[in-house]
Amino acid sequence: MHKNAFARGAAFVLALTISVGLAACGDNQPVPQHNSQGQVETESGHIVGEFAGSGASSQQSANEAWIAGFQYRHTGARISYDPAGSGAGVTAFLNGSVIWAGTDEPLSDDQVEQSKSVCAGSSAFELPVYVTPIALAYNLPQAGLNKPNRHLNMDPVTIAQIFQGQITRWNDRRLAELNPDVELPDLAITVIHRSDKSGTTKSLLKYMEASAGPAWPYQPGQNWPNDIGQGAKGTAGLVMTLTQAEGTFGYADVAQTNGLGTVAVRVGSSYVPATEQTAAAMLEHKVTFKPQGANSLRKVLDVDYATNKAGTYPILLISYDVVCKAYRNDANGKKADFAKSWLTYLESDSGQQQSASNAGSVPLSSNIRQGFAHSVREIGVA
Amino acid sequence: MKNMASSQPVNNCKSNQVSSFTEADATQSGHLADRIFKILAWTAGIVIFVALAAVTLFLILRALPAFTGSPADRASALDALSGGRVTSFLAYVGPLLFGTVIIAGLSLLVAFPISVGIALFITHYAPRKLSTLLSSVIDLLAAIPSVVYGLWGALIVVPAITGFWAWVAHYLGWIPLFSGPVAAPARSVATVALVLAVMIVPIITSVARDICAQAPRLQQEAALALGATKWETIRLAVLPFAKSGLISASMLGLGRALGETMAVLMILSPGFSYSLHLLRASTSQTIAANIASQFPEANAMGVASLIATGLVLFLITFLVNFIARRITGKGSSK
């Protein structure tokens with residue numbers, strides 16, 4: 001367990017100290033491929049030049065993978081992504097200093113209005129590019145519950161009670177009733193939540209609000225609403241804190257919870273663990289586009305967090321890319337050209353595969369990809 | 001006075017050396033060098049004012065929307081920053097200021113006696129070899145960046161000290177300061193204050209050492225000759241002399257503790273209250289760490305509110321220094 005804590009620590013160091021540096025490290029040299037004639041062939045796309053994006057840190061590892069994949073296709077392109085945070089990214093986009101912004105939060109009406117100063121002819125729009133399930137994770141190694149195939153069962157009301165300090169011990173009767181075949185330890189529950197503003201927190205809180213009903217009195221926001229338990233900075237810091245003591249309980253992207261136990265949440269009458277399959281099922285059946293104006297290219301997803309459908313895992317984080325249909329100060333339409341190729345690549349099978357295998361994201365459903373492609377087609381079209 | 005007296009002969013010496021040049025040459029080149037150096041010194045002096053003015057101006061201009069913007073915008077920005085707890089700026093900055101002061105104050109409380117002890121040990125007790133070694137170790141510690149202290153605190157101190165705090169709470173829990181439940185892992189105000197104390201000890205020590213070493217020999221020998229013990233000598237002839245210097249040394253340390261960001265960010269589980277329960281989790285947060293954790297996801301009005309809290313920190317640091325100056329001014333005039 002100690003060793004694990006140190007490994008987490010090392011991850012924490014990496015995340016904190018070189019997070020900005022890493023984004024610039026997408027310079028992976030393309031691997032030359034031999035075609036049927038035995039000649040070396042480098043697929044050289046038409047995009048040439050330097051292009052910068054900025055925004056949500058949740059998308060960081062996905063963007064690193066995408067940048068590597070994109071630069072492999074377009075050998076003349078040099079792309080960077082600064083994981084400065086959703087707010088900072090959108091601000092940079094609205095200043096015109098980056099071509100696209102990554103954000104966990106759809107644009108506000110104000111921001112759409114402001115974007116007319118950087119976009120030519122129309123306002124900016126956002127497309128969903130990155131979806132990942134958020135797991136409720138716990139550290140109970142002594143009780144043998146940290147195994148990948150063992151999940152504690154919880155329903156939304158129980159989770160709300162834990163997060164509000166009403167259930168304070170692991171062997172509480174209310175938890176034991178949901179887990180009749182598990183011997184729960186006599187240990188205090190230490191809730192660990194994010195201390196920084198975070199889209200992960202907001203997604204979880206939206207789920208709590210939609211599913212727990214009156215048991216959850218707080219409005220969803222990017223900051224944790226109460227002082228129960230402890231706060232930790234960033235996903236890496238939160239996961240490190242989880243591993244530092246026995247009996248901790250928190251939330252993080254599934255891909256980051258290796259070595260910890262995760263909760264199967266009650267959906268309808270069954271308990272669903274956070275896996276790629278259950279999240280994909282959720283995306284397929286319970287996530288739809290929010291209705292927009294007739295000519296709007298915006299594609300904002302509406303998640304039915306209160307789902308009852310068996311096998312769908314409801315707690316999803318959705319992250320968007322913000323771009324323009326056409327850019328101001330854009331000689332030869334180079335920026336729009338890049339935005340179009342970039343998003344086309346993200347939406348493609350290989351782009352989706354790239355982020356799924358490198359960042360643990362859930363591939364977008366065919367329905368979402370259709371709407372996505374519809375908006376991308378309009379980029380650069382006068 | 002001493003310095004002036006000793007610099008006189010050096011000047012004479014120089015003018016003797018240049019006497020082979022004509023008088024006019026010597027004065028001209030001397031004047032030129034003098035003028036250049038004077039300009040350089042003046043520029044250096046003014047740069048610090050310009051920097052201070054630039055920082056102040058930046059803080060005020062960027063913080064302005066947090067006071068003049070539309071009330072609805074301001075309230076919603078603060079609501080988002082505080083997780084729906086408060087909507088007014090004073091209610092937002094109050095607990096943060098409290099946390100900043102309590103953490104920095106505690107760390108100074110721990111660090112000051114230790115630092116003075118080390119300084120006196122180096123100057124008055126340790127054998128020469130040991131004191132040289134100690135001095136260089138202290139200077140080395142002062143150069144360690146705070147992110148390293150933060151890592152050490154988060155990875156080593158926090159898991160190791162949890163049991164000790166539980167013990168403290170068990171036996172001293174009747175004192176409200178130490179009442180439980182103890183945070184597990186111990187990411188509490190008490191742990192942060194200890195790590196910050198370790199961080200500022202070398203800073204205070206290295207200044208305090210230089211001051212204690214300058215205490216007048218004659219007075220110390222006179223005290224010893226009158227039959228004073230070593231402790232009495234230190235109390236009579238060293239501490240009164242060093243008093244104002246020790247205070248400015250501790251202000252230097254306090255300044256670093258007040259503005260410390262990285263170590264606090266990595267160790268503390270932040271909270272939002274006026275609680276004095278040092279061992280509990282999520283009671284307080286400092287202004288600097290709060291800015292660092294909230295800035296990336298903040299919108300324009302949120303950033304203005306955060307910069308306004310930075311302005312408050314700036315003013316507090318100013319105030320602390322001002323008070324320290326007043327105290328040292330009184331101390332030395334006695």
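Tutor: Start with two helices of chain B, α5 (residues 89-125) and α10 (residues 230-259), whose axes come within 9 Å and cross at roughly 140°. This is a predicted model, in which local features need pLDDT of at least 70, side-chain atom pairs count only at pLDDT 80 or more, and totals for chains, interfaces and linings use all residues. Residues are numbered from 1 along each chain as its sequence is written, and chains are lettered from A and ligands numbered from 1 in the order in which they are written.

Helices (H or I, at least four residues) and strands (E, at least two) are DSSP runs, numbered from the N terminus. Axes are lines fitted to C-alpha atoms, for helices over the stretch in contact; angles run from 0 to 180 degrees between N-to-C directions.

α5(B) and α10(B) are therefore oblique to each other. Angles under 35 degrees count as roughly parallel, over 145 as roughly antiparallel, 65 to 115 as roughly perpendicular, and the rest as oblique. The crossing of α5(B) and α10(B) is right-handed, with the near helix turned clockwise from the far one by less than a right angle.

Now the contacts (C-beta atoms, placed from the backbone, within 7 Å). From α5(B) come Thr100(B), Ala104(B), Ser107(B), Leu108(B), Ala111(B), Phe112(B), Val116(B), Leu120(B) and His124(B). They meet Ile234(B), Leu246(B), Ser250(B), Gly253(B), Leu254(B), Ala257(B) and Leu258(B) of α10(B). By class, this contact has eleven nonpolar, five polar and no charged residues. Ala, Val, Leu, Ile, Met, Phe, Trp, Tyr, Cys and Pro count as nonpolar, Asp, Glu, Lys and Arg as charged, and the others, Gly among them, as polar.

For context, chain A has domain 1 (49-130 + 283-302 + 317-378) and domain 2 (133-280), with bounds from an automatic or database domain assignment. Their C-alpha centres lie 30 Å apart.

Key. Contact = placed C-beta atoms within 7 Å.
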